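Please keep the sequence and the model open while working through the numbered points.

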Amino acid sequence: MSYDDVISLLGEFGRYQRKIYFLLCLPAILCAFQKLGNVFLIAEPNYRCKLPTESDNASYYLNDTILSIYYPKDELHNKYSSCEILIDNKTQLCESYIFDHEVYGYTSVIEYGLTCSSAYLIATSNALFMVGVMLGSIIFGEMSDRIGRKITFFISLVILVVAGLVAAIAPELWTFTVARLIVGATTSGVFLVAYVIGLEMVGPSKRPIAGTVVQMFFSLGYMLTAAFAYYIDNWRWMQFALTIPGVAFFVYWWFIPESARWLLTKNRTEEAKKLIQEAAKYNDVVIPDETLDQLLESAKSSNCDKNAKAASVIDIFKYPNMRKKSLIIFFDWFANNLTYYGLSWNTNNLAGNPYLNFVMSGAVEIPAFLILLFLLNKWGRRNLMCCCMLISGISLLLTMIVPDDKQWLIVTLAMIGKLTITSSYGAVYILSTEQFPTVIRNAGLGAGSTFARFGSILAPYMNALVHVWQPLPLLVFGTCALIGGLMSLVLPETLNKKLPETMEEGEQFGKKTKKLVVKETTDDLEALNKVQNNTNRSEIGADEKLLQNSVS
């Protein structure tokens, strides 16, 4: 009897689990604040060179006559230059700037002077945030396995709040960037650990729902971020407002239990029994002590098996079929993450109201998760992921041919791309889990997650290509999504299939068997012909004997 059997007796998603699960979903909103807050914290407003006769608080807007006299034309973007000024008919670089505060208010770009030749630092700051997310998933993931889920959650939460407040008072760019990098790392600790605790306490049939609903809470936080940005026009106060709700989760220390599964892996059986019995009492269920004793023995043997079957990610590349599948899966992780975060952070570059675009970009994730929930077990993992990636890629590539006067159509296509890549992002996780054999599954997922982080680290730089050509970021994202969708067509479907356990099974999983079927069919036909020939010979021999007897 395993722990899942105890969960079945306890209730796969009983009152106790629902209460704890709801509490664990709320921190996802806080993590969304931090992950998406950069869109407005480091928003790049319009700016121009300050005229010699202007004061520092002069209006950004000038009439066309003055613009034509003092500013050279930027032919690439079909507007007046933001970085150059004409003085005595000579083009000079700006010494100081006048900013447009109407849309984004006062952002860190204004305070730290991230303009013109320094504008690349905007992308660098965003990229380093995602470096923090990658490091956090490694550090806090390992920590949660070693010292426990609950303590790791609270360590992450405290560091997040402290680093977030430091970012709000950072005197210069690199202090801000390092503080935000630490915040990025702790979002992995808070979100992933809460996610794991939530999934470990529900039954197998309820995990797809539990895994999807928590993502919807993240999407809710995504949309709420725009409300903070709209009503708080100073980036320091906005960073403070996005961080301070984390203090409310400190009270979770008295409400959120340690994972009973983790306690069992550490042979802390009595603590696990106590938690299970408390949950059973809350759910009005009685679990006999004998069942829990059997659970202990099962958990011990399971842990021994896992330790005996440990494998390295390098082993993936020793098998040609598994190597091919793994490389495709790794690219899918990269393409999904690049496109997801690229589109999430690109809303300021779309036409129309940036706040409305941002909210729509978050809102389309809700139907995306519903699609995942209802179609994943009907269409299959590979089919759904490929379909979503192809639709996303085609939608984003179509923005290239949209006329300039149809900007609403570009926004629509971008939102279709965001919706479908969100569904694909959810599907690739499950597909990856089922493609890798049991002995290498964690290592394979870890490698896929690493490739995903490389995508999100590159996403800010891809968005910076808007300064070269406005549609270029969407074309890059669309190309990656399209290539990933096409390549993934060669992956085997995993729905309702027996999952591979060993490396040998993983190598055979999904291999084409047409030649084998033809050979087996040919062998069967040959055998059948031999039987028929032997039968005919027997019948002929019998007839000859009968004829001889008759003649005699």
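**Notes on helix packing, burial and surface**

1. In α15, the residues Ile371, Leu372, Leu375, Leu376, Asn377 and Trp379 meet Arg381, Asn383, Leu384 and Cys387 of α16. A contact here means heavy atoms within 4.5 Å. Helices (H or I, at least four residues) and strands (E, at least two) are DSSP runs, numbered from the N terminus.

2. The model is predicted: local features need pLDDT of at least 70 and side-chain atom pairs count only at pLDDT 80 or more, while totals for chains, interfaces and linings use all residues. Residues are numbered from 1 along each chain as its sequence is written, and side-chain values use heavy atoms, with hydrogens and water left out.

3. Two packed helices are described by the angle between their axes and the distance between the axes. Axes are lines fitted to C-alpha atoms, for helices over the stretch in contact, and angles run from 0 to 180 degrees between N-to-C directions. The axes of α15 (residues 365-379) and α16 (residues 381-398) come within 7 Å and cross at roughly 125 degrees. The two helices α15 and α16 are therefore oblique to each other. Angles under 35 degrees count as roughly parallel, over 145 as roughly antiparallel, 65 to 115 as roughly perpendicular and the rest as oblique.

4. A second pair is α8 (residues 207-231) and α14 (residues 354-363), whose axes lie 8 Å apart at an angle of about 170 degrees. Helices α8 and α14 are therefore roughly antiparallel to each other. Among the residues that meet are Tyr222 and Met223 in α8, and Phe358 and Val359 in α14.

5. Is Glu507 buried or exposed? Glu507 is located in helix α20 (residues 503-508) and is buried, with a relative accessible area of 7%. Buried means under 20% relative accessible area, exposed over 50%, and partly exposed in between (1.4 Å probe, protein chains only). Not counting residues up to four places away in sequence, Glu507 touches Tyr319, Pro320, Asn321 and Met322.

6. Val166 lies in helix α6. At 34% relative accessibility, Val166 counts as partly exposed.

7. For the protein as a whole, there are 21 helices and 6 strands. Of its 552 residues, 49% count as buried. Among contacts between residues at least 6 apart in sequence, 79% join residues at least 24 apart.
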